Amino acid sequence: MNEMITKWRENLTTFWTKRTKRQKGVFLGSSLIVVLLIIGISLFASNTKFVTLYNSLSIQEAGQIKAELDTRGVPYELQDGGTTIAVPEEQVDTLLVELAGQGIPNSGNIDYSFFSENSSFGITDNEFNIMKLDAMQTELANLMTGIEGIENAQVMINMPEKPVFANETSEEASASIVLTTEPGYQFKGNQIESLYTLVSKAVPNLPADNIVIMNQYFEYFDRTSDSGLAAQDVYSNQQAIKQDIERDIRQRLQQMIGTMVGMDNVLVSVTADVDFTQENRVEELVEPVDLENMEGLPVSLETIQESYSGIPAGGGVPGTGQEDITNFQGTVDANGDGDYKLDKETINYEFNRIRKEIVESPYKIRDLGIQVAVDNVRNSSGTKLEYLSQQDQRTVEQGISSILNSIIATSIDADYATAPTAENSSIVFQEFVDGTSTPQAVTPLIPPWMYVVGGILLAIIILLIILLIRNRNKEEDIEEEMIVSKPVFPEVPDIEQTEPSESDVRRKQLEKIAKEKPEEFAKLLRSWMGQD
């Protein structure tokens, strides 16, 4: 066994030593990338996504659900201070059905089904009244929870005892309600009044004045708060109309004056005083049909003509006959001759009767205030600045004043129209200062773990690039060494060796002496030369 392990180790060592540096770098980099990928995949695979199972739970309900999940061995997370429980996404539906089948969460409240499940012959009247009151409170709270904007409701009802004697008057009930509203939700219209009516009609002998409704922030919802909301809506509407009027006039002035001095050289501000008084009146008018003659249309005509003559003298006292008018002073001629004549004509005319119900528009402009700022600096050439002369400023001011007077005269309502004065407008010539706007900070949308993974991948890429560059440089050096290497000569067959002669031996000895002892070799040469 040890021999086999040693053999494998030697084979691996031999294989690794025979690899080039480039091959070693590629192998190490690939191995590192594979390891990192395996770690990342394992982390993502083991990261369980938790979703909300229940939210807005009470402490008792959260404890019940937590105990059941611990018994089942289901992983969970507590959020929002323990009022929210999150479980793995794939188990949400199953847990909802199974927990509901077990009656979890059990809030401890009692509903109307309690009577059929727990009724018995030995129950007392007090117990029955307590259960009935608790059931009424629970059902009323559930009913209010289903209303938009209300997350939870707690109802407390005070039911007075029934009078013992018939001549005693029963007291009125009262109710206190605490609503848990959604963050930022505002009740509108008659919703508050509807809540008061709902509670008043659900509980016997409970007038709306004995009901108190508040939210989790100790803010009371009074029945009269609708008027406050209505007033707030009216104020918002009026402010919107006022701003719309000012924006329209400002845009028109900006466009008109901008064509004279340049759009970037003028700034206009408009302040409007709007009369929001609304008048409702009824006018009942009577007008003749014929306006030229101021006459009406005749609808009936009555004509009476009487004539009397030849009344004899005497004959009784005037006004006492059967057909005479009582106390009528008749004229009696002393000679017996008389004359009486009466012509009467009555005409009934019909005139136009007009009834007008007039609603005056409440949006009347009472006054306008306009401020205009003009840049008196002109960039003539390059960075050279020139200021408007006094003559140019007066010319521009006259033109702008005429425009402002025309706008003010035509915009103000006729009931408040007066000649425009210098107090309604102002024109200022001033050098504008270029402002730099501060860029708004943009909230990053990428989660932090993405930055970590990106940094790791970037480091790996940089490392691989460095290794590739080094390997490439080393390959170039190797190629240069190979190019500069010695030329290859053809092989020459070896010469057959023969036994060295005496002269060869002496020559080799001399060469050896010359290499090892050059001074002695020189002396030897000089002695040979002296002998010759």
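Mentor: Welcome! Helices (H or I, at least four residues) and strands (E, at least two) are DSSP runs, numbered from the N terminus. This is a predicted model, where local features need pLDDT of at least 70 and side-chain atom pairs count only at pLDDT 80 or more, while totals for chains, interfaces and linings use all residues. Residues are numbered from 1 along each chain as its sequence is written, and side-chain values use heavy atoms, with hydrogens and water left out.

Trainee: Thanks! How many helices and strands does the chain have?

Mentor: Buried means under 20% relative accessible area, exposed over 50%, and partly exposed in between (1.4 Å probe, protein chains only). Of the 532 residues in the chain, 19% are buried. As for your count, the chain has 12 helices and 15 strands.

Trainee: In which strand does Ile85 lie?

Mentor: Ile85 counts as buried, its relative accessible area being 0%. Contact means heavy atoms within 4.5 Å; beyond its neighbours within four places in sequence, Ile85 has contacts that include Val51, Leu53, Ala62 and Lys66. The residue itself is in strand E3.

Trainee: How far apart are the C-alpha atoms of Ile85 and Leu53?

Mentor: Leu53 is among the residues in contact with Ile85. The two are 32 residues apart along the chain, yet the separation of their C-alpha atoms is 5.7 Å.

Trainee: In what order do the three strands of the antiparallel open sheet stand?

Mentor: Two strands pair if DSSP finds at least two bridges between them. E1 and E3 meet that rule with four antiparallel bridges, and Thr52 faces Ala86 in E3. The order of this open sheet is E1-E3-E2.

Trainee: Which residue forms a salt bridge with Lys66?

Mentor: Side chains of opposite charge can pair when their charged atoms come close. A salt bridge is a side-chain nitrogen of Lys or Arg within 4 Å of a carboxyl oxygen of Asp or Glu. Both partners here lie in helix H3 (residues 59-72), four residues apart, about one turn of the helix. With 3.3 Å between the closest N and O atoms, the partner of Lys66 is Asp70.

Trainee: How many salt bridges does a search of the whole structure find?

Mentor: One of them joins Asp248 and Arg252, with the closest N and O atoms 3.6 Å apart. Those two residues are in helix H8 (residues 225-261), again four residues apart. Searching the whole structure gives a total of eight.

Trainee: What is the N to O distance where the side chains of Asp275 and Arg366 meet?

Mentor: Asp275 is buried at 8% relative accessibility, whereas Arg366 is partly exposed at 34%. Together with Asp273, they are linked in a network of salt bridges. For the pair you ask about, the N to O distance is 3.9 Å.

Trainee: Which helix packs on the sheet, touching E12 and E15?

Mentor: Three strands form that open sheet in the order E7-E12-E15, with mixed pairing. E12 (residues 364-374) and E15 run parallel and are joined by five bridges. The direction of the helix makes about 165 degrees with that of E12, and its name is H9.

Trainee: How far apart are the end C-alpha atoms of helix H7?

Mentor: The expected span of a helix is 1.5 Å times one less than its number of residues. For the 12 residues of H7 (residues 191-202) that rule predicts 16 Å, so it agrees with the distance between the end C-alpha atoms, 16 Å.

Trainee: What arc do the buried residues of H7 cover around the axis?

Mentor: The buried ones are Ile192, Leu195, Tyr196, Val199 and Ser200. They sit on the same side of H7 because their arc around the axis is so limited. That arc, taken from the directions from the helix axis to the C-beta atoms, is only 125 degrees.

Notes:
Axes are lines fitted to C-alpha atoms, for helices over the stretch in contact, and angles run from 0 to 180 degrees between N-to-C directions.
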